[in-house]
Every structure is written in C-alpha cells, then in structure tokens.
Amino acid sequence: MTELDIYLAKHYLNDNQLARASSMSIEKINALIRDRLIPAPAYVVTDNGELRSHVFGAMAAPGAQPGRYFHPSQLVWIAQALQAIASDSSANLKDRFTSRFAAALATLNLSTWRLRDSFYDDGTPIPGGLQARTDSAWSFFLNGTFALCVANPVSEAHIAYKEVLQEKLTQLSENGSKIAYPAQQLPQMHELIDAYAAAAMPFSPIEYPRSSRKRLVENLRANLRATDNDC
C-alpha cells in the first residue's frame, strides 16, 4: 500500500464504499453526477498509475490502487439531490446552493474578511460580483474541488468559510511570500493560520508540495517563527 493509498483510505470513500453507505448502485450515483446534481469524485487513480483531480491535473502515482474517491460529505449531497428529485425540484439545486453560499459570504464579509468585489461598505450585495463568486463556487463544487481541499464540505457555510479564510490569508501574506510582519500583527497571523489549517484538507503526499496548505501553513509558519525570533 502506497502513502497515497493510505491517505485516500483515511479520508475518502471509493465507489463500492460510497454505494454501500448510500444504499445506491454506482450506476445511479453516476447518473446524479452526469446530471450535475452532486459532485464528481475528488480524485481518480487510473490503471496506468496517475492521480487525477480538477485541482492538480494528472500526477504520477505509481503503485496506487486504481479507483474513484469521494469525500464522505458526498452522502450529504446525495441525500439532498434525492430529496429534490422526489419533490420535483432538482432543477433548483443550483439556486439553493448559490443562495446559501451567498448568505454565508455575507456573514463572513462582516465577520471575517471584506469581500469588496461582492459587497458594498454597508454590507449590501454587489450583484455582478456576488453572482460571479457563487457561480464559480457551484462549478468548483460539481467538479470535486471542494471535496479535495475543504476539510468538512458538508454545507455551503463550511465551504465558504474555508474559501474566505484562504483569501484573507493569501492577501495578508502576499500568497505566502511575505517575510517580515509587524510584531502586533503576529498573533492575528498565527490565529488565522490555525483556523485555515483546521478548515483545509491536509492534501495527499503527492500534491502536498504544490498545495496551498504547504504554502499558507507550513511555509508561512516558518516565516512567522523567523519574524518572532527577530522581535
């Protein structure tokens, strides 16, 4: 068993596990994916030893167990899709997701980080900017991105929280490249990194060197320790 296999087994469900947990055939699950009602798998390991994801593309994964891998939160989204189908409202799933995501962003705009492209200073939405964010989130949701990078993507609010934390951390750290920080900013940065680390997935050992987690958690913590030592 490779390190990738261990990571996937710990954090994800393969086809058979998802089918058993959802009491559905994989064919019916595939139909929901095809109809854009639930997310695609976060990862696919191919027969020729590649790890594929929407985020990182194809990466060499020699010896890894072929298959498709879904975050356990897929069970939540399957249940919502089946409820919508039963009530003849499956066409409204996108609207429901984007409206809930927008509501979460509105709260985070006031509490966590100003989203100046999406909200005016008084907190009212900027229609075009907010719609661009929510439409983008729906696309990322369906292609499996959030199942790869969000630790607990069981709701729009959980997803939005991780995304806004990453945006804030990226801006304040100049995408992890900033070295020196004022002493009074250090406690805020340590707290922000800890919050982001808890909200984000650890990433697989193959992806980790290229991941936001390495850049915004491991590397940035090292930069802050250097700044702490200079104070």
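1. Let's start with Ser118: in this predicted model, its side chain makes a polar contact with the side chain of Asp117, at 3.3 Å. You will find Ser118 in the loop between H5 and helix H6 (127-142).

2. Is Ser118 buried or exposed? Its relative accessible area is 0%, so Ser118 counts as buried. If residues up to four places away in sequence are set aside, Ser118 touches Thr124, Pro125, Ile126, Gly129, Leu130 and Arg133.

3. Helix H5 (residues 93-111) packs with helix H8 (residues 156-172), and the two axes lie 8 Å apart. The angle of this packing is about 50 degrees, and H5 and H8 are therefore oblique to each other. The crossing in which H5 passes H8 is right-handed.

4. Which residues bring these two helices together? On the H5 side they are Arg96, Phe97, Arg100, Phe101, Ala104, Leu105 and Leu108. Their partners in H8 are Glu156, Ala157, Ile159, Ala160, Tyr161 and Val164. Sorted by class, this contact of H5 with H8 has 10 nonpolar and three charged residues, and no polar ones.

5. Although Asn175 is not a glycine, its phi is positive, at about 60 degrees. With a relative accessible area of 37%, Asn175 is partly exposed; the limits for that class are 20% and 50%.

6. Now for another part of the chain, helix H3 (residues 26-34). Which residues of H3 are buried? They are Ile26, Ile29, Ala31, Leu32 and Ile33.

7. H3 is followed by Arg36, which has a positive phi near 60 degrees, even though Arg36 is not a glycine. The loop that holds Arg36 runs between H3 and strand E2 (43-45). How accessible is Arg36? Its relative accessibility is 48%, so Arg36 counts as partly exposed.

Conventions:
Residues numbered from 1 in each chain as written. Predicted model: local features only at pLDDT ≥ 70, side-chain atom pairs only at ≥ 80, totals over all residues. Heavy atoms only, no water. Axes fitted to C-alpha atoms, helices over the stretch in contact; angles between N-to-C directions. Helix = DSSP H or I, 4+ residues; strand = E, 2+ residues; numbered from the N terminus. Parallel < 35°, antiparallel > 145°, perpendicular 65-115°, else oblique. Left-handed = near helix turned anticlockwise from the far one by under 90°. Contact = heavy atoms within 4.5 Å. Nonpolar A, V, L, I, M, F, W, Y, C, P; charged D, E, K, R; others polar. Buried < 20%, exposed > 50% of the residue type's maximum accessible area, 1.4 Å probe, protein only. Polar contact = N/O pair within 3.5 Å; in protein donor to acceptor, adjacent residues only side chain to side chain.
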